[in-house]
Amino acid sequence: MKQEFTISLFSESHIGILSRITLILTRRQINIESITASESAVPGVQMLTMVVRTTPEMVEKVARQIEKLVDVLKVFVHTSTEIICQEVALYKVTTRGLMSGSMSADIVRKYHARILEVTSEYTVVEKSGTRTEIKELLTLLEPCGVLQFVSSGRIAVTRQVKELNTYLKEMDEARRNMQEAVELYS
Amino acid sequence: MKVSNNIQAALKDGAEVTETSEAGNAGAQARESGHGATVSADTVITGAEALLKALIEEGVDTIFGYPGGAIMPVYDRLLDYTDRLRHILTRHEQGAAHAAQAYAMVTGKPGVCFATSGPGATNLVTGMANAFLDSVPVVFITAQVTAGLIGTDAFQETDILGISMPVTKWNAQVKRAEEIPDTVARAFYIARTGRPGPVLIDIAKDAQFENLTYRYSRCTYIRSYNPVNPLISRDIESAAVMINYAERPMILAGHGVIISGAMAELRALAEKAAIPVAVTLLGLPAFSHDHRLYAGMLGMHGNYAPNVLTNKADLIIAAGMRFDDRVTGNLKKYAPGARVIHIEIDRAEINKNVRADLGINSDAREAITALLPLVRERSREEWIREFRILDRTEHEKVVKPETEPEVGDLTMGEVVKTVSEMAGRDAVVVTDVGQHQMAVARYYHFTDSNRLVTSGGMGTMGFGLPAALGAAVGGEGRQTVVFTGDGGLQMTVQELGTIMQYRIPVKIVLLNNSFLGMVRQWQEMFFNSRYASTELVNPDFVMLASAYGISARKVTSRQELRETVEEMFSANGPFLLQAEVSRKANILPMIEPGASVSEVTLTYNGKS
């Protein structure tokens, strides 16, 4: 059974790494539903969050293949229940349409959205939330005349995992031990 | 920055040091990777020379390659290093790639291959893919157009970084000379550690001319790359318990056993616990074929007993192999009664094709060594006898008629058997791809001191001849025999020129049936004998070899066979033996596509 998975991974911030990752998914005909890349809390380390729909067996296989890439530090696979995720959306609507009803107040009060810019022609609304919440607001704004709509990919943090910092520290530790061993024998 | 060598030489003394605008980048690299203690003294040299010095530091003494515009600065410097670096000029870049791979498979050191930008680089792709699928360390160095022209569709520019991505373990582009030493160090470290594989460095032409302050230290660590995981003792203990309680265990040994040099350990384990050992195509010399526990080759054209008994085994111990579809047949009907222990250095291979009850993510030799004291001595005569009974059936129905025929045309099997009997016990055996390859796999008697160089995962026709020259160069005096077919030979036949130029003593056994035999066999069996484009009109190969100054002889009759093979082995230097074999013979047994390993076809009568 196909289901939604969030693959989050840490990699060195090297040129071409994204290509190598997408190649693995492309070979298996897995579509990336959303993707976000950003610098992680550790300098020089990039974090990628991808949403894919596939089977649990397949996501495990591609995760291992991605983790095998030389520049990838660690890959985590999560189902929707194991993560806290958020997306950001911008809605550009006609100001006349927005002002004609009670929508403008509702946007702020009910949907916790923000108004970023108002001109006589258009108004830009920002909302962060889950995919469903963002879609809901879009439906509501539709009668006001939506000129543009854009939403970000998913960003997510996990409910539980070893933090990357801890992981990197462990790797450095292992490396020191290894080098000491090497020096001891040479 | 196109500067002539004279100016460069003048600059050298003028303490012209390269700009350090990317020092921050170098600093970042240092944070992510570690380098060894041996650091060579600082000198100012060109990027081209730095590349050659770095190769020498990595223990390289042989390079296979082909020059061209963008890589000329490197080739120019190479003239000053002929005492330390031997360059073998092939007749095509693909030939250089296969030769470098074969060199690596014989020496155990990474092979090195040079090519220029554009077509030079794209001609390597088949070779890279081949090395990638068979886990062979090759460092490919391609030149690239001048840094400022990259991305502009310049003359002989190709995005080889993008093209090679799916078929390399790692690749990188170098635009500045100062990046060369560390990039080479990383390349070698990545190519030879963990599951080995090909890597590519693409060097812009101006980086080859540019000066740098050269210092070299070998790479010993990359933060994001974990080549070997420590053994988990609990897993080894579980494996030992599973082995000790199994009644019908079977070991499947693959290329990984050979790469990790675990042949002796494997033999010890098999003997102590009395476990039959079956091998994959690339694992053929992992276990001596004259050993009483040798069960035969697995898979589509493998032996009868190991295929059938895979589905009777209660435990499968797979070491250094990846359950390729040619080995497993129909996965749904594969080893239904067996638990599976999968010893594999590449974690992504565990549970990829066959679900493992116990995955041991480690080097084959380490795991087997750790297992050895924990397994109990046992005898399993009953189980071993089952293999012998099926062996006898296979011998009667297939092996005997194929290897000891009394009438009719020469067969591939009898030629292979005769060569096998007369070549040394430690000969390097090379093959191309197709029916003759399967004949070698089935009828060559390998020992664990033989080497086999063949194209397994990729099945690259044309691999044989260039691989053979690379193997012979790497083998340094070891007898090197290549079996090839008339189809495969003609895909890379130009490499006869390389063999001629360097007097490489390769013994070429051409099994000629004037057909693309394996495709023809499938046409006969699965396409109603409709032979679409598989019949070949061939040249006189003896004359062709003679044109290259290579001694050659054609054999058509059984009576002359032994004497001709003798002549081949006693000849000095290269020799081509053209054996005219039966035109429409089939390789059997066969597991038909979609069938289970236990549904092996021993005989095929043909459809009327």
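Analyst: Here is a tour of the strands, sheet by sheet, with a few stops at their surroundings.

This is a predicted model, so local features are given only at pLDDT of at least 70 and side-chain atom pairs only at pLDDT 80 or more, while totals for chains, interfaces and linings use all residues. Residues are numbered from 1 along each chain as its sequence is written, and chains are lettered from A and ligands numbered from 1 in the order in which they are written.

Let's start with chain A, which has 6 helices and 9 strands (DSSP runs, H or I of at least four residues for helices and E of at least two for strands, numbered from the N terminus). Its radius of gyration is 22 Å, well over the 16 Å that the globule rule gives for 186 residues, so chain A is more spread out than a compact globule. That radius is taken over C-alpha atoms, and the rule is 2.2 Å times the number of residues to the power 0.38. The C-alpha trace of chain A spans about 80 × 35 × 30 Å along its principal axes. Of the 186 residues, 26% are buried (20 or more other C-beta atoms within 10 Å of a residue's own; 12 or fewer makes a residue exposed, anything in between partly exposed, with C-beta atoms placed from the backbone).

Strand S1 of chain A, residues 3–12, is mostly covered, with 8 of its 10 residues buried. With strand S3 of chain A (residues 45–54), S1(A) pairs in the antiparallel sense over 10 bridges; two strands count as paired if DSSP finds at least two bridges between them. There, Gln3(A) has Thr54(A) as its bridge partner. S1(A) also pairs with strand S4 of chain A (residues 72–79), again antiparallel, over 7 bridges, and Ile7(A) stands opposite Val77(A) in S4(A).

Another place to look in chain A is strand S7 (residues 122–129), which is joined to strand S5 (residues 83–94) by 8 bridges and runs antiparallel to it. Glu87(A) finds its bridge partner in Gly129(A) of S7(A). S6(A) and S7(A) form a hairpin with 3 residues between them.

Now for chain B. One open sheet has 6 strands in the order S4-S3-S5-S6-S8-S7, with parallel pairing. Strands S4 (86–89) and S7 (170–174) of chain B stand at its edges, each with a single partner strand, so one side of each is left without a neighbour in the sheet. Neighbouring strands of this sheet are turned by 20° against each other on average, direction ignored. Within it, S5 (residues 111–115) and S6 (residues 138–144) of chain B share 5 parallel bridges, and Val112(B) is partnered by Val139(B) in S6(B).

S14 (residues 315–319) and S15 (residues 339–343) of chain B pair in the parallel sense over 5 bridges, with Ile317(B) opposite Ile341(B) in S15(B). Axes are lines fitted to C-alpha atoms, for helices over the stretch in contact, and angles run from 0 to 180 degrees between N-to-C directions.

Finally, the two chains meet: 20 residues of chain B are in contact with 18 residues of chain A (C-beta atoms, placed from the backbone, within 7 Å). On the chain B side, helix H2 (23–32), helix H8 (160–164) and strand S10 (219–222) each supply at least two residues. H2(B) gives the largest share, 3 residues.
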